[in-house]
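Student: I have a sequence and a 3D structure on my screen. Please show me how to read them.

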Amino acid sequence: MKISVSRVAFAGVALALLVLAANLAAADPRGLWQTPEGKSHVNIFACAKDTVCGEIVALQDPLNSDGSDKLDVNNEDETLRTRQIIGIRLVTDMKRKGNGVWTGGKIYNPEDGKTYSSNMREIDANTLKVKGCVLFLCKSQEWTRIE
């Protein structure tokens, strides 16, 4: 059987394009993510060129014991303590640094009301490692893709 050079070259180019497309898809954090223990769902979306942000869209326990919505009561800014947790922009201004790496952003923690320097790295298409730091102290979480 004789195989032409052009067919081999075409197959090589096609395979390279498929691999590139798979890598680009895996390096896109946009979508719906679940935080550890299912506490919340965060929608990550494009908020500027090569920049993503994330918003809390669901909570495992969205209501207080009295049936009222959970509010941002721990926020350092007293004027924001009456806003609902659902809808808070949790991740801001993450800039694409490279394949699957996003840096230079901020992450807000409603549990302590503080905002931290942050970066994200996609471990695979369904796992996102999110890190928040103050000075040299950092804490990481792995989020799981829902959609």
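Tutor: Start with helices and strands: helices (H or I, at least four residues) and strands (E, at least two) are DSSP runs, numbered from the N terminus. Here D28 sits in the loop between α1 (5-26) and β1 (31-34). Note that this is a predicted model, where local features need pLDDT of at least 70, side-chain atom pairs count only at pLDDT 80 or more, and totals for chains, interfaces and linings use all residues. Residues are numbered from 1 along each chain as its sequence is written, and side-chain values use heavy atoms, with hydrogens and water left out.

Student: How many helices and strands does the protein have?

Tutor: The protein has 1 helix and 8 strands. Along the sequence, the pattern reads α-β-β-β-β-β-β-β-β.

Student: What does pLDDT tell me?

Tutor: pLDDT is the predictor's confidence in each residue, from 0 to 100. The average for this protein is 87, and 82% of the residues score at least 70.

Student: Where does pLDDT stay under 50?

Tutor: Look at residues 7-26. Contact means heavy atoms within 4.5 Å. For residues 7-26 the model has 4 contacts beyond four places in sequence.

Student: Is D28 buried or exposed?

Tutor: D28 has 18% relative accessibility, so D28 counts as buried. Set aside neighbours within four places in sequence, and D28 touches E122 and R145. Over the whole protein, 29% of the 147 residues count as buried.

Student: How do I read strand pairing?

Tutor: Two strands pair if DSSP finds at least two bridges between them. Strand β4 (residues 89-98) and strand β5 (residues 101-109) run antiparallel, joined by 5 bridges. One of the partners to find is W102 in β5, which bridges to R96. β4 and β5 form a hairpin with 2 residues between them, and G100 in the turn has a positive phi of about 80°.

Student: How many bridges join β5 to β6?

Tutor: There are 7 bridges between β5 and strand β6 (residues 114-124), and the two run antiparallel. G105 has S118 in β6 as its bridge partner. This hairpin, β5 and β6, has 4 residues between its strands; G113 in the turn has a positive phi of about 75°.

Student: What is a salt bridge?

Tutor: Side chains of opposite charge can pair when their charged atoms come close. The cut-off is a side-chain nitrogen of Lys or Arg within 4 Å of a carboxyl oxygen of Asp or Glu. A search of the whole structure finds 6 salt bridges. Return to D28: its side chain meets that of R30 in a salt bridge (2.6 Å, N to O). R30 is partly exposed, because its relative accessible area is 44%.

Student: Which residue forms a salt bridge with D50?

Tutor: R96 does, with the closest N and O atoms 3.9 Å apart. D50 lies in the loop between β2 (40-48) and β3 (51-59) and R96 in strand β4, so the pair ties together parts that are 46 residues apart in sequence. D50 is partly exposed at 43% relative accessibility. R96 is partly exposed at 37%.

Student: Which residue pairs with D72 in a salt bridge?

Tutor: D72 pairs with R83, and the closest N and O atoms are 2.9 Å apart. Both D72 and R83 lie in the loop between β3 and β4, so the pair ties together parts that are 11 residues apart in sequence. D72 is buried, with a relative accessible area of 0%. R83 is partly exposed at 29% relative accessibility.

Student: Is F136 buried or exposed?

Tutor: F136 counts as exposed because its relative accessibility is 72%. Find F136 in the loop between β7 (127-134) and β8 (137-145).

Definitions and conventions: Buried means under 20% relative accessible area, exposed over 50%, partly exposed in between (1.4 Å probe, protein chains only).
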